[in-house]
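The entries below follow the order in which I checked them.

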Amino acid sequence: MSKYVHTETKQHTMKLVQMGAKVEVISSQMVYVSFDITEDFTVSYVYNINRHNKYFLERIEPYPIDLEEFDSTDDIVNIIKIDVEQFKTAVKSHNIKDFVKINQDFHNTILAFEDLFLYYNLPTKYVSKIKGNIEAINDIIKKASHESKRVYFGKEPGHLEE
Amino acid sequence: MLVGHFVVGILVFTLSYVAIISEKLNRMIVAVFGATLMILFHVISQEDALAKIDFNTLGLLIGMMIIVNIIKTTGLFQYLAILTAKIAKGNPKLILIYFAIITAVSSALLDNVTTILLIVPVTLVISDTLKINPLPFIIAEIMSANIFGAATLIGSPPSIMIGGATGYSFGDFIMNMLPIMTVIIIVTISLILFIFRKAFTVAEKDKKEILSFDENKAITNSGLLKKSLFVLFLTIFGFTIAELLDVQSATIALFGASLLLIISKAEPDEILERVEWTTIFFFGGLFVLVGSLESIGFISLLSQKLLSVTNGSIAITALLVLWMSAVLSSFLDNIPYVATMIPLVKSMAESTGGDYEPVWWALTMGACLGGNGTIIGASANVVSRGIMEKNGHTITFIGYLKIAFPLMIVSIILSTIYLLLFYL
């Protein structure tokens, strides 16, 4: 099996290099992890360990998070542990389905925005409008964080503004 | 020798052989399991079993695999493929010829399967760019790999095994096999070009796209490439003077491999991980299986029977071995076939005391060229089909047979003429 994987890689990298890309093929191990939080709620991840001792982690379910690079397996395990704890708490909320839907909608909105920018010559007025709406959403999130009861204390939030 | 041991030995060997040929189980597992059964049932002792393993063959294989695994990372094949495609100005017939030459030369110096693993993906990219069917190119490459695999001592497992058994040197193979294989490859490629003459229509814009490729981008590490080529050519030179140095080919290959590991600073774990250990263990098991047949006297019994059929005539034996090897190698794995034939031919040679050189070359030619006959005839063929299928191209058994089997017969006819003219 592995010899066919290598031949596939050779074809892709040859095409990409001729397109002008810098390509580095790194031998690594890919690990899939999933947790069944409830019968119908699964949290799953994929992470990649390579010989440069760099670890790439991505959450794939219930919605994707950005790929991040970590320096040790401890970091990966801690991130997953905290993530799963948070989802175990969150799944008890009556808003969980809305929470997942909103995250998926955000994700789809980002993809739609990307298409808009890459396929069309966007007038400045729309850029300003979109920026304004994002600021408005951020303001709502900030206000909601001040007015809502905190339920998770395992670590501090990483992306909420004070 | 107890009758029980004789019967058990034949039974274990036959069952192992059938299991290997059937491909229902991994051949390495079968060979090793069969070998251990031979020892467990006292057909052969462990000491004798280990003595039957040709460690020179294993060492040669491991050494060359290490060298190749390092060369592979440099992008050399992609460089050569793009450069020759540009020299051909995108002309598909010329590309087929040049790629066949690259495959042939590589196969003579590296092993067939590695050559195919390197050239076929590149061929698929080029044929994809030209928007033509890759099949003629792949068939030409398969045939070139198997033909020129017979041209040198290190070109294919059968050559390595026969070289190990006979003591024929790198130079002996070059003198005796290279000329006829050169003729055979020219004839075979010409016939392939004729058979597929209508398949080479390419639009001018697609040819221009090939010309826009930059072969220099394909080289990932020019320093490593230079070191690798230096060591490869040093190793080849070492093979040619191995007799003078009074060392065997495994020593030369492992010297080259370890030298390259040192100067390349490659990660040994990664390189050694890619050595085909299943092939090495398969060979080991096979040597014990066949060696067990030898130790129970079956091989010498068989050789006496064959001598009575051929009346001890070397000419008839050589031609019989050539054609039998060609047909059997088309349908069976040629490695266990050659492993079984080697002690048989040795036994016949010892019985008659004649010069069996023609028979050895007949076995080399038959086993290697026979591999071209069907899509399962050689590992290079099977691997090519695997890569093609992963890319959405199908090569059926009958489809390949209709084209390749007649070409293989032509190559055996040429080999027959060669034997008759120069050896018999």
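How many salt bridges does a search of the whole structure find over all chains? I ran the search and got 10. I keep in mind that this is a predicted model.

**Confidence.** I looked up the predictor's scores next. The complex has an ipTM of 0.76 and a pTM of 0.83. For chain B I noted a mean pLDDT of 92. In that chain, 100% of the residues reach 70 or more.

**Fold of chain A.** I counted four helices and four strands in chain A. Read from the N terminus, the order of its elements is α-β-β-β-β-α-α-α. Is chain A a compact globule or more spread out? Its radius of gyration is 20 Å, whereas the globule rule gives 15 Å for 162 residues. The value is well over the rule, so I put chain A down as more spread out than a compact globule. I then checked the box filled by the C-alpha atoms of chain A. Along the principal axes, the box is roughly 55 × 45 × 30 Å.

**A salt bridge within chain A.** I picked A:Asp105 and A:Lys101, whose side chains form a salt bridge at 3.0 Å, N to O. Where do A:Asp105 and A:Lys101 lie? I found both in helix H3 of chain A, which covers residues 96–119. They are four residues apart, about one turn of the helix.

**Interface of chains A and B.** I turned to the contacts between the chains. On the chain A side, 15 residues are in contact with 22 residues of chain B. The two chains bury about 1,800 Å² between them. Of that area, 61% is on carbon and sulfur atoms. Which residues of chain A lose the most area to chain B? I listed A:Tyr4, A:Met14 and A:Gln18, which together make up 36% of what that side buries.

**Polar and charged pairs across the interface.** The rule finds one salt bridge between chain A and chain B. I traced a salt bridge from B:Asp128 to A:Lys15, with the closest N and O atoms 3.1 Å apart. Last, I sorted the chain A residues that touch chain B: three are nonpolar, seven polar and five charged.

How values were computed: Residues are numbered from 1 along each chain as its sequence is written. Chains are lettered from A and ligands numbered from 1 in the order in which they are written. This is a predicted model: local features need pLDDT of at least 70, side-chain atom pairs count only at pLDDT 80 or more; totals for chains, interfaces and linings use all residues. Side-chain values use heavy atoms; hydrogens and water are left out. pLDDT is the predictor's confidence in each residue, from 0 to 100. Contact means heavy atoms within 4.5 Å. Buried area is the accessible area (1.4 Å probe) that two parts lose on being put together, summed over both. A salt bridge is a side-chain nitrogen of Lys or Arg within 4 Å of a carboxyl oxygen of Asp or Glu. Ala, Val, Leu, Ile, Met, Phe, Trp, Tyr, Cys and Pro count as nonpolar, Asp, Glu, Lys and Arg as charged, and the others, Gly among them, as polar. Helices (H or I, at least four residues) and strands (E, at least two) are DSSP runs, numbered from the N terminus. The radius of gyration is taken over C-alpha atoms; the globule rule is 2.2 Å times the number of residues to the power 0.38.
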